[in-house]
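Here are some friendly notes to read alongside the model. Please keep the structure open as you go through the points.

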Amino acid sequence: MFYFELTDLFGGEANYNWVKHYGISAKTQLGALRKISKELGCSFKYDIRNYSWKSGQVILFLLDDPVEKCIEL
């Protein structure tokens, strides 16, 4: 299971005006990213452990630890 945090950007930095947590069941990190990209209808570019939407509006963080309340895909 891979856990992601999705939030908005302001000035190129995570703004946390809103946050959504996702738990993705997949065999690999790439598989999890493909699932969440398909669900959200967008594609992300990779930057170390962060994924930013190519439009520059949101950022997706890969979390080390699970979160209690998350949307499971």
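1. Let us begin with Lys 35. Leaving aside residues up to four places away in sequence, Lys 35 touches Ile 24, Ser 25 and Leu 73, where contact means heavy atoms within 4.5 Å. Lys 35 lies in helix 1 and, at 38% relative accessibility, counts as partly exposed. Here buried stands for under 20% relative accessible area, exposed for over 50%, and partly exposed for values in between, with a 1.4 Å probe and protein chains only.

2. A word on how to read the numbers. This is a predicted model, in which local features need pLDDT of at least 70 and side-chain atom pairs count only at pLDDT 80 or more, while totals for chains, interfaces and linings use all residues. Residues are numbered from 1 along each chain as its sequence is written, and side-chain values use heavy atoms, with hydrogens and water left out.

3. A polar atom of the Lys 35 side chain lies 2.6 Å from the backbone oxygen of Ser 25. The C-alpha atoms of Lys 35 and Ser 25 are 8.8 Å apart in space, and the two residues are 10 apart in sequence.

4. Now the overall plan. The protein chain has 1 helix and 6 strands, running β-β-α-β-β-β-β from the N terminus on. Helices (H or I, at least four residues) and strands (E, at least two) are DSSP runs, numbered from the N terminus. Of its 73 residues, 33% count as buried. Among contacts with a separation of 6 or more, 50% come from residues 24 or more positions apart.

5. Which residues touch the most other members of the largest nonpolar core? They are Phe 4, Leu 6, Ile 24, Ile 36, Phe 44 and Leu 60, out of 13 residues in that core. Strand 1, strand 2 (13-24), helix 1 (29-40) and strand 5 (58-63) each supply at least two residues of this core. A nonpolar core is a set of buried Ala, Val, Leu, Ile, Met, Phe, Trp, Tyr and Cys residues joined through side-chain atoms within 4.5 Å. In soluble globular proteins, nonpolar side chains tend to be buried together.

6. Asp 8 deserves a look. It sits in strand 1 (residues 2-10) and is buried, yet has no salt bridge; Lys 20, the nearest side chain of opposite charge, is 11 Å away. A salt bridge needs a side-chain nitrogen of Lys or Arg within 4 Å of a carboxyl oxygen of Asp or Glu. For charge, Lys and Arg count as positive and Asp and Glu as negative, with His and the chain ends not counted. Beyond four places in sequence, Asp 8 touches several residues, including Tyr 16, Trp 18 and Gln 57.

7. Tyr 16, one of those contacts of Asp 8, lies in strand 2. Its phi is near 60°, a positive value in a residue other than glycine. Tyr 16 is partly exposed, with a relative accessible area of 42%.

8. Is Ser 37 buried or exposed? Ser 37 is buried, at 14% relative accessible area, and its place is in helix 1. Setting aside residues up to four places away in sequence, Ser 37 touches Cys 42, Ser 43 and Phe 44.

9. Finally, Val 67 lies in the loop between strand 5 and strand 6 (71-72). Not counting residues up to four places away in sequence, Val 67 touches Tyr 3 and His 21. Val 67 and His 21 are 46 residues apart along the chain, with their C-alpha atoms separated by 7.3 Å.

Definitions and conventions: A polar contact is a pair of N or O atoms within 3.5 Å; within protein, one must be able to donate a hydrogen and the other to accept it, and residues adjacent in sequence count only if both atoms are side-chain atoms.
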